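Here is a friendly note to go with the model you are about to open. Keep the viewer beside you as you read, and find each residue as it comes up.

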Amino acid sequence: MDKSWLQQQVLERLAADLLQVEQAVSAAHEAATHEENIAENKYDTLGLEAAYLATGQARRAEAIRQALVHWRLFCPQPYSASRGIQLGALVCLLDADGKQQQIFLGPEGGNMKLVIGADTIQVISSQAPLGKALLGKAEGDEVTLEVAQAKQQLEVLSVT
């Protein structure tokens, strides 16, 4: 799997998410400032609620813009067994049930699933619990992850 192509897919998804969030910001701002939503008494909070929503959406838009910057500057490097798994690694994991999963370790802000044909690739950052657990590991290593107070064992099958 070509890592630069995966990076491009993440960038396209982030750009689409940003467009959607910017439209939501605009709609929430419009609702917050519309003359029909001016409070007539202290219990009339529709305009205030819309303003809170617009603020939250604006923060989300800024987070996506920052993620776009990180992903544009990101240069995935080839895997080096001497360094172990690092940012940019494409990792195949095997769980205790024999199920495989593909993980692409990228910069912050790109947490998403990419469906490519019959394959699903989970994009995570090195700040995610699984991302932290994978750093420095190599093929054949086991990774222990605690999820909902249950330990999960994963084996690193391959890394590119």
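1. **Ground rules.** This is a predicted model, in which local features need pLDDT of at least 70, side-chain atom pairs count only at pLDDT 80 or more, and totals for chains, interfaces and linings use all residues. Residues are numbered from 1 along each chain as its sequence is written, and side-chain values use heavy atoms, with hydrogens and water left out.

2. **The sheet as a whole.** Start with the open sheet of six strands, whose order is β3-β4-β2-β1-β6-β5 with mixed pairing. The edge strands are β3 (112-116) and β5 (142-147), and each of them pairs on one side only. From one strand to the next, the twist averages 35°. Two strands pair if DSSP finds at least two bridges between them. For angles, axes are lines fitted to C-alpha atoms, for helices over the stretch in contact, and the angles run from 0 to 180 degrees between N-to-C directions.

3. **Strand β1 and its two partners.** Is β1 (residues 90-95) mostly covered or uncovered? Five of its six residues are buried, so the strand is mostly covered; buried means under 20% relative accessible area, with exposed over 50% and partly exposed in between (1.4 Å probe, protein chains only). Five bridges join β1 to β2 (residues 100-106), and these strands run antiparallel. Look for Cys 92, whose bridge partner in β2 is Gln 102. β1 is also joined to β6 (residues 150-159) by five bridges, again antiparallel, and here Val 91 stands opposite Val 159.

4. **Two hairpins.** β1 and β2 form a hairpin with four residues between them, and Gly 98 in the turn has a positive phi of about 85°. A hairpin is also formed by β5 and β6, with two residues between them; Ala 148 in that turn has a positive phi of about 50°. Six bridges join β5 to β6, which run antiparallel, and Val 143 stands opposite Leu 154 in β6.

5. **The nonpolar cores.** A nonpolar core is a set of buried Ala, Val, Leu, Ile, Met, Phe, Trp, Tyr and Cys residues joined through side-chain atoms within 4.5 Å. The largest one has 19 residues, and those with the most contacts inside it include Leu 6, Trp 71 and Phe 104. Two or more residues come from each of α1 (3-33), α2 (46-73), β3 and β4 (119-125). α1 gives the most, with six residues. Apart from this core lies another, of 16 residues, among them Leu 93, Leu 134, Val 156 and Val 159.

6. **The pocket and the cavity.** On a 1 Å grid over the protein atoms alone, a cavity is a set of points where a 1.4 Å probe fits but cannot get out, while a pocket is an open set with protein on both sides within 12 Å along at least five of seven lines; lining residues have an atom within 4 Å of a point. Grid points are joined across faces, edges and corners, and a volume is the space filled by probe spheres set on the points. The largest pocket has a volume of about 230 Å³. Which strand gives the most to its lining? β2 does, with four residues. The largest cavity has a volume of about 70 Å³, and its lining includes Gln 77, Tyr 79, Arg 83 and Ala 89.

7. **Ile 103.** Find this residue in strand β2. Ile 103 counts as buried because its relative accessibility is 1%. Leaving out residues up to four places away in sequence, Ile 103 touches Ala 89, Leu 93 and Ile 124, among others; contact means heavy atoms within 4.5 Å. Ile 103 is also one of the residues lining the largest pocket.

8. **Ser 125.** This residue lies in strand β4. Why does Ser 125 count as buried? Its relative accessibility is 5%, so Ser 125 counts as buried. Beyond residues up to four places away in sequence, Ser 125 touches several residues, including Leu 105, Pro 107 and Gly 131.
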